[in-house]
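Please keep the sequence and the model open beside you as you go.

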Amino acid sequence: MVDSHNAARIRFDNVEVNADGVLGEVDQGGALLEGVLNIGRGAVASEMVGVAEGVFARTVDVPQGAQAIRQAIGEFQALQHRAAQLYIEIEITRATVLKALQMLDSDFEKASAAVAVAKARAGSTATLASRKACRCTAAWA
């Protein structure tokens, strides 16, 4: 996979589970599975916020390095605006992910929508950060 995580498809054929092997209530596994997946989605969304922050930090370091070669950062105001916009996007995403994680703690059964929004937003923000970083770095080269 692109992010180096392991992936697999598991298929069970002719599997029988006796009553002692059932987690939760019989025929209610969907809700349990959805909750576990939501926890994973929340964790992935948090990770993507960290990725966006890391990309942002490295991108901001590039203009600071330019000062060492006697270029005033103020000469690149358009890049400052891009960095400010990206910072705002990351902070909004962080708040969205935090709310989703709080929902998982406080109202586990109703957290699905908040977790889905957080994961979608985090994915978009991480992609945006990567794209903007490439553009800013290219502008400094």
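Buried means under 20% relative accessible area, exposed means over 50%, and partly exposed lies in between (1.4 Å probe, protein chains only). This is a predicted model, in which local features need pLDDT of at least 70 and side-chain atom pairs count only at pLDDT 80 or more, while totals for chains, interfaces and linings use all residues. Residues are numbered from 1 along each chain as its sequence is written, and side-chain values use heavy atoms, with hydrogens and water left out.

**Exercise 1. Describe the overall fold and the surface of the protein chain.**

Step 1. Begin with secondary structure, where helices (H or I, at least four residues) and strands (E, at least two) are DSSP runs numbered from the N terminus. The protein chain has three helices and zero strands, and its pattern along the sequence is α-α-α.

Step 2. Next, look at contacts, meaning heavy atoms within 4.5 Å. Of the contacts in the protein chain with a separation of 6 or more, 79% are between residues 24 or more positions apart.

Step 3. Finish with the surface, using accessible areas from the Shrake-Rupley method with a 1.4 Å probe, where for residues only the protein chains shown count as cover. The protein chain exposes about 10,100 Å², and carbon and sulfur atoms supply 56% of that area. Of its 141 residues, 22% are buried.

**Exercise 2. How many salt bridges does the structure hold, and which residues do they pair? Work through three of them.**

Step 1. Apply the criterion: a side-chain nitrogen of Lys or Arg within 4 Å of a carboxyl oxygen of Asp or Glu. The structure holds five salt bridges.

Step 2. One of them pairs Arg41 with Glu34, with the closest N and O atoms 3.0 Å apart. Arg41 is partly exposed at 25% relative accessibility, and Glu34 is partly exposed at 31%.

Step 3. Another pairs Arg121 with Glu89, where the closest N and O atoms are 2.6 Å apart. This pair links distant parts of the chain, since Arg121 is in helix α3 (residues 112–140) and Glu89 is in helix α2 (residues 77–106), 32 residues apart. Arg121 has a relative accessible area of 26% and so is partly exposed; Glu89, at 23%, is partly exposed as well.

Step 4. Arg94 and Glu91 form a salt bridge with closest N and O atoms 2.8 Å apart. Both residues lie in helix α2, three residues apart, about one turn of the helix. Arg94 is partly exposed at 32% relative accessibility, and Glu91 is partly exposed at 28%. Through salt bridges that share partners, Glu53, Glu91 and Arg94 join into one network.

**Exercise 3. Where does Thr125 lie, and which residues does it touch?**

Step 1. Locate Thr125 in helix α3. Thr125 is buried, because its relative accessible area is 4%.

Step 2. Leaving out residues up to four places away in sequence, Thr125 touches Ala52, Glu89, Ile90 and Thr93.

**Exercise 4. Which residues form the aromatic pair, and how is the pair arranged?**

Step 1. Rings of Phe, Tyr and Trp (its six-membered ring) pair if their centres lie within 6.5 Å; planes under 30 degrees apart count as stacked, over 60 as edge-to-face and the rest as tilted. The count by this rule is one aromatic pair.

Step 2. The partners are Phe56 and Tyr87, tilted at 45° between the planes and 6.0 Å centre to centre. Phe56 lies in helix α1 and Tyr87 in helix α2, so the pair ties together parts 31 residues apart in sequence.
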